[in-house]
Amino acid sequence: MDKAATLTWLRRISGDIASVTIKRLEDTLPWYADMPPARRSAVGLVAQAGITSFIQWYEDPTSTPWIAADIFAAAPRELLRSVSLQQTLQLIRVTVEVTEERVAGRGNDLREAILLYSRDVAFAAADVYARAAEARGLWDARLEALVVDSILTGEADEELPSRIAALGWHGHGEVAVLVGTTPPQFDVDLVRRTARKLAVDVLIGVQGSRLVLVLGRARAEGAEGEEEELGFQEIATRLEPSFGPGYVVLGPAVAALVDASQSARAALAGFAVARAWRSAPRPVEADDLLPERALAGDPLAKQTLIERIFRPLQAHSTDLVTTLWSYLDNGRSLEATARELFVHPNTVRYRLKRVTPHTRVSRNLVMDHPPLCGNRWQTGWVIVVVCPGQGSQTPGFLAPWLELDGVAERLAAYSDAAEVDLREHGTVSDADTIRDTRIAQPLIVAASVIAGDALTQRAGRRADGIAGHSVGEIAALVGSGVIDAETGMRLVAIRGRAMADAAAQEQTGMSAVLGGDEEALLARLAELDLSPANYNGGGQIVVAGALPALAALAAEPLKGTRVVPLQVAGAFHTRYMASAVAALRDAVADVTPANPDITLWTNRDGSAVTDGAQALSYLVDQVSSPVRWDLCMQSFSDAGVTGVIELAPAGALVGLAKRGLRGVPTVAVKTPEDLDAAVALLNGEAA
């Protein structure tokens, strides 16, 4: 029989094949027989579509093969969600078996065609289901990130419980949050496998260098009779190897997942200050870091210390409070305390031994923790210095600083290191001249370093922490002791020249987008091939890319947004700066950094950096990646910062702080005349 006759015969018997296939499905597949009539009918349509598609393909093998998506189009949409891959393959097998039986004796060519076609169908079906699973996985990952972010920010809404349920959270008991660093090669599956072995529910949030695990209450596997509950400390210890180097902090247990933001706040506050306790275990409980957190201004830690130490001691005996107070005021000297209280040193020792049993803390906070002796714990006054980025410079802004002793000489040394006449450009050059990236960046960093040193000298002490916006991070590295000023000026000069050269390769620019929905904006940027460059917080995102794309965004702004073009000649902090990254990486290779000696926050993800080499690495990567100033301000808030001082040339960052850190006092140090106000804020004398 030739091919034409075979095709005619196949079309004639296709209805019979479909009927026999349906009967065979009923007889051999229990899941099919259990389906409602409407769904069985839909599966029948699928089988019929497959047989028809085979005949079409046999007629013209070069045509597009039948794929699972094509034949499922003949069925209701809910059928796609109710029929598994295994069931689909069983459907294919039964259909092929029936077809083979019916065409037996019609020649090997037809049988081989059926086998070839069925193989393609099976692979195509597997591909469809794999794509669906991948899409579901990506959706789950985005949903999980959204839930974890809601927990960390405490901005839970009425949708949170349904989102949690969609992620398959089974826990119905206590919850705790575990925070640490993200390892270089983070294995999400390993964490989930470990959690399953512990019978623990877990939500995972990777936020740059910070790893957050939200843990549900668990019971030990294999326990006979009444199962023994695993404590969160034990759960954290089992999961600790999945974190990167550094501290791992466990927040206190809360009643349910919707209350997890309380545990998260404590864990994040503890993580920000954990390095202050050099011998801290890993993992360490956030409540064991109460003094460090209180020193950093955490109001929750202060209140907890009052409730767990002061009030229990006061309720038990005023002698214990008086003795402890005197002991701390006298530098933890038994003899000096005894003299002040007119008692024997053994009496002091006896009273101090009675302190810990009457306080509700796991760590001996009172007797073993020197920070409790300092009055900054009592005041909770924590000040951060911020260093501005490019665009903050104005003509002549350096002139007033040259009136300070020694500034002219230092500026000359900085000019030599940067190979830029900073005095000329900072005093007499016009706005267009100092807008040049090669000039602007060294000029801004030099001004911030000079203003920072003047502030420290006049106040008699340094700030509690420091951060820089974009190029301001170089000034922050100098201010935190990671590099010296001359090294900073050399690096910023290289950075400025390299970024200017990269910007000259293509016609690009930047625009500030004010207001609107962030998710909608990011989707629009993807359509225009634009990139977010600065997340400044307070509803402001700076975007960058090709000039025509920026013009299109400005011509049709999203609802609720305002687009403001910026006077910069380049798409900084985007892929267009790749060549500048390479140049700066070569430059820092010769630098031997120190570890920061005050808290240093990074633009990368707002986290505190404790390793100088890592801080330099982040500085290099930052050239082509977004500036997350919004996360820096969130970290300031989490650390309990009570004041922000912006160094010269100041103004932009205190403006962002007023919107993103409402109620926190700020001072913009634009000229030396502003130093007195900054000193007052630094020393807790201003509000």
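In this predicted model, 5 strands come together as an open sheet, and reading across it gives the order β2-β3-β1-β6-β7, with pairing that is mixed. The strands at the edges are β2, residues 202-207, and β7, residues 284-285; each has a single partner strand, so one side of each is left without a neighbour in the sheet. Further in, strand β1 (residues 175-181) pairs with strand β6 (residues 249-250) in the antiparallel sense, over 2 bridges, and here L178 can be found opposite L250 of β6.

Helices also lie across this sheet. Helix α9, which covers residues 188-197, lies across β2 and β3 (210-216), and its direction makes an angle of about 155° with β2. Helix α10, covering residues 232-239, lies across β1, β3, β6 and β7, and runs at about 135° to β3.

In soluble globular proteins, nonpolar side chains tend to be buried together. The largest nonpolar core in this model has 78 residues, and W401, L455 and I645 are those with the most contacts inside it. Helix α22, which spans residues 437-459, gives the most to this core, contributing 11 residues.

To see what surrounds one of these residues, consider L455: once its neighbours within four places in sequence are left aside, L455 is in contact with V385, I645, L647, L675, A678, V679 and L682.

Technical notes: Residues numbered from 1 in each chain as written. Predicted model: local features only at pLDDT ≥ 70, side-chain atom pairs only at ≥ 80, totals over all residues. Heavy atoms only, no water. Core = buried A, V, L, I, M, F, W, Y, C linked by side-chain atoms within 4.5 Å. Buried < 20%, exposed > 50% of the residue type's maximum accessible area, 1.4 Å probe, protein only. Helix = DSSP H or I, 4+ residues; strand = E, 2+ residues; numbered from the N terminus. Contact = heavy atoms within 4.5 Å. Pairing = 2+ DSSP bridges. Axes fitted to C-alpha atoms, helices over the stretch in contact; angles between N-to-C directions.
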